[in-house]
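Welcome! Take a moment to look over the sequence and the 3D view below, and then we can walk through a few of the details together.

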Amino acid sequence: MVFRPSTGTWAVLWSKTGFTTSSVIAWGGANDIPVVADYDGDGRADAALFRPAEGVWYVLLSSSNYQTRLPWMEWGQSGDIPLAADVDGDRRADLIVFKPTTGTWLVLRSAENYTWAHRITWGRDGDVPVAADYDGDGRAELTIFRPSTGEWFILRSSSGYTTYMRTTWGAAGDIATELDADGDGRMDVGVYRPATGTWHTLLSSSGYIRQLNVRWGATGDVPVWK
């Protein structure tokens, strides 16, 4: 799936046909930010956008073959960083915005039909927000990567977001990644280093001691993971 901002269209290459057929879906505009996730719990990704100028989320549902959408939801504002992850454990993505200037996370939960919000201060200006399941409990941790020091701060969902894990992995210029490289059902701590085209991953299955380094890419490439 690719989103083309210049035309506001999505091009989808279907795995169900062995990647031999594609579709084009008109959904979005030039300044929209794609936030692809499973919002309806059908196990398939929905075409979703955050429109910074309005602070509005638009979600086109895969369960209707991308013919119907969720009611538009106003959550966030210009300057916020949008993320989508399952924080409440209902297998549907929640709407998340991170406010860089204050280090504040605002989570609108799908389990309450997007009517109940959770506010957490975690991070500071310059941090990169990541929302993924690092402890394997089915709920996303609120995580920040601090490029200036290469530090990760993982706020644990299993503790009700009251305790955290800290590790150092990465450097200035690295891009934080979200992938389960060892297949243990928990997200690994990883970065992609554009200067060398190398993926550096600290494996959760080893207690974040053993690392996996793979060179795949070149300067100017954009890393993509799922």
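## A buried aspartate and its partner

Let us begin with Asp-174, a buried residue whose relative accessible area is 8%. Please keep in mind that this is a predicted model. Which residue does Asp-174 form a salt bridge with? The partner is Arg-193, and the closest N and O atoms of the two are 2.8 Å apart.

Arg-193 has a relative accessible area of 26% and is partly exposed, whereas Asp-174 is buried at 8%.

## Two other salt bridges

In total, the structure holds 10 salt bridges. Another one of them joins the side chains of Asp-80 and Lys-99, with 2.9 Å from N to O. Here too, distant parts of the chain are linked: Asp-80 is in the loop between β7 (73–74) and β8 (81–85), Lys-99 is in strand β9 (residues 94–99), and the two are 19 residues apart. Are these residues buried or exposed? Asp-80 is buried, with a relative accessible area of 8%, and Lys-99 is buried as well, at 17%. Both values count as buried because the cut-off is under 20% relative accessible area.

A further salt bridge connects Asp-42 with Arg-44, and their closest N and O atoms are 3.3 Å apart. Asp-42 is partly exposed at 28% relative accessibility, and Arg-44 is partly exposed with a relative accessible area of 43%.

## A sheet of four strands

Now for the strands. In which order do the four strands of the open sheet run? The order is β4-β5-β6-β7, and the pairing is antiparallel. At the edges stand β4 (33–34) and β7, each of which has a single partner strand, so one side of each is left without a neighbour in the sheet. Strands of a sheet pair through backbone hydrogen bonds, in either a parallel or an antiparallel way.

Let us look at one pair in this sheet. Strand β5 (residues 47–51) and strand β6 (residues 56–60) pair in the antiparallel sense, over five bridges. To find a spot where they face each other, look for Ala-47, which stands opposite Leu-60 in β6.

Definitions and conventions
Residues numbered from 1 in each chain as written. Predicted model: local features only at pLDDT ≥ 70, side-chain atom pairs only at ≥ 80, totals over all residues. Heavy atoms only, no water. Salt bridge = Lys/Arg side-chain N within 4 Å of Asp/Glu carboxyl O. Buried < 20%, exposed > 50% of the residue type's maximum accessible area, 1.4 Å probe, protein only. Pairing = 2+ DSSP bridges.
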